Amino acid sequence: MRHILAIIVTVTLFILASCAGKPSNAQLSENNPSIRPDFSGATLPVNISAPTFMIDEEAKRFYTEIGKTGSEPVMTFNSSSGSVTPDLKKWHSLLEEAKGSEIYIRITLVKEDGKAVRMKDIICPVSDQPIDSFLVYRLLYPGYVLWREMGIYQRNLTNYEQEAVLENLNIDQQCVNCHSFAQGAPETMMIHVRGNKGGTLIRRNGKTEKVDPRCPGLENGATYPSWHPSGKYIAFSANNIKQVFHSKGKKTIEVSDLAADMTIYDVEKGETLTTPSLSGEEWMETFPNWSPDGKTLYFCRAEGYNQGMDLDSIRYDLCKVSFDPQSRSFGEPEVVMAASKDNKSVSFPRVSPDGRWLLFTLSDYGNFSIWHPESDLWLLDLRDGDLRTVDEVNSNDVDSYHSWSSNGRWIVFSSKRMDGLWARPFIASFDPSTGVFGKPFAVPQNDPLYYDDFMKTYNIPELVSRKVVNTGEFADVVNNSAPSTANQDSQYAKPE
């Protein structure tokens, strides 16, 4: 009987605590509340899923209100854990109402002595500019541990749904990497598969095929890609990559080129071409990226590797070369930013959709910046040459691979700022008229503790405008077809 009474009392107290209303006579505080993940002050896309979060404050009870600035709250939360998970339907209604304005998150702490303290409101502007609905990335364990378990996945950014695009468990555990899209369109895309069934999967015009776009006359195969805006070409670097594992220090892994050339694969003709000025032993060219008009190819270039060269002496400049899509001919390469003169190195140049801004990663040496804690994002104004570090986005750890949204109003980038170990995807707003970014925030998850417990790293986050469909076709093509090789009659393209 006493046991039953104890249960009744416990349940009653729990119900009373859960049903406790808004704290009265709360003392106003000038302190900002601490939340995790932290998105306070970040500009939110009007279509983004709700950021769940934990309140990192000492209290017996937490009372949270969320609403449009100047209006009554549309959601309230009352808990002893500090966990807040907004209803997705109510959240989207709130963002739609608040677009072009702001939302507030109001947190009141009820202390052990019963006194209530209302913290300063968290204010988040809501942009009327949406972000592309899907994010595609590779998930794998960091440090090349258990690399046989990896895959490429797509996440719906308007909710929390994640689906596999291609998992290597379905293709004899071969490596999958370097997914790429033509102007963010999933109908025109590619994925590399490495291994005995390997090849480059190219989806175009409703058909997926496996090809080998290796350029005749070059030793190395296609590596890092960039689709031409027309969808007719893919620029590839052809790299000989070396991995080095260090026994101590912050940079436990180093990945470096021993050779690299630049090629163009004509997806309509199945031909690969290059030019002497973009191939050969004098230079190593890598990380191509097209301008939106398709007439300029940006890339990174370092002096050719010589036997015995220290890997930390290899530094890449930002370069460009003109390209005529009709004649498939190149101009002569030009240096845009000589980072090597300042003992720095450029990787991942990405031109904004309006063609004005070029965002890139800068590190001390090499080009595999995900293993360089000093890696930061930099922004170049291609109109006037103004160059700056993006202080409003960068952290004290790795800030690296980045992708523009199709409207140029957002970026997604990889950062290890949370723990220094795992790369997580972060979103930041961008004003194309001023070149200023907003505060970044982690891609929202449906569990506030998701990033604390998830032990895989996010690799190559790419924004796409629509869902990748017929994903089972990728594994079928890998398992059941041999790659077609590039036309052996391909010739070197002539400079203009």
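Predicted model: local features only at pLDDT ≥ 70, side-chain atom pairs only at ≥ 80, totals over all residues.
What covers the buried residues of helix 4?

1. Start with the cover over helix 4. The elements that cover its buried residues include strand 13 (162-167) and strand 15 (185-194). Strand 16 (199-204) and strand 17 (207-212) are also among them.

2. Now look at the helix itself, which spans residues 472-480. Its buried residues are Phe474, Ala475, Val477 and Val478. These four sit on the same side of helix 4, because they cover an arc of only 160 degrees around the axis.

3. Next, visit the loop between strand 14 (175-182) and strand 15, where you will find Gln183. Gln183 is not a glycine, yet its phi is positive, at about 50 degrees. With 57% relative accessibility, Gln183 counts as exposed, because the cut-off for that word is over 50%.

4. Asn205 is a residue other than glycine with a positive phi, near 55 degrees. Its relative accessible area is 67%, so Asn205 is exposed.

5. Finally, turn to the loop between strand 2 (35-36) and strand 3 (44-45), which holds Pro37. The peptide bond leading from Arg36 to Pro37 is cis. Its omega is near -10 degrees.

Definitions and conventions
Residues numbered from 1 in each chain as written. Heavy atoms only, no water. Buried < 20%, exposed > 50% of the residue type's maximum accessible area, 1.4 Å probe, protein only. Helix = DSSP H or I, 4+ residues; strand = E, 2+ residues; numbered from the N terminus. Arc of directions from axis to C-beta. Contact = heavy atoms within 4.5 Å.
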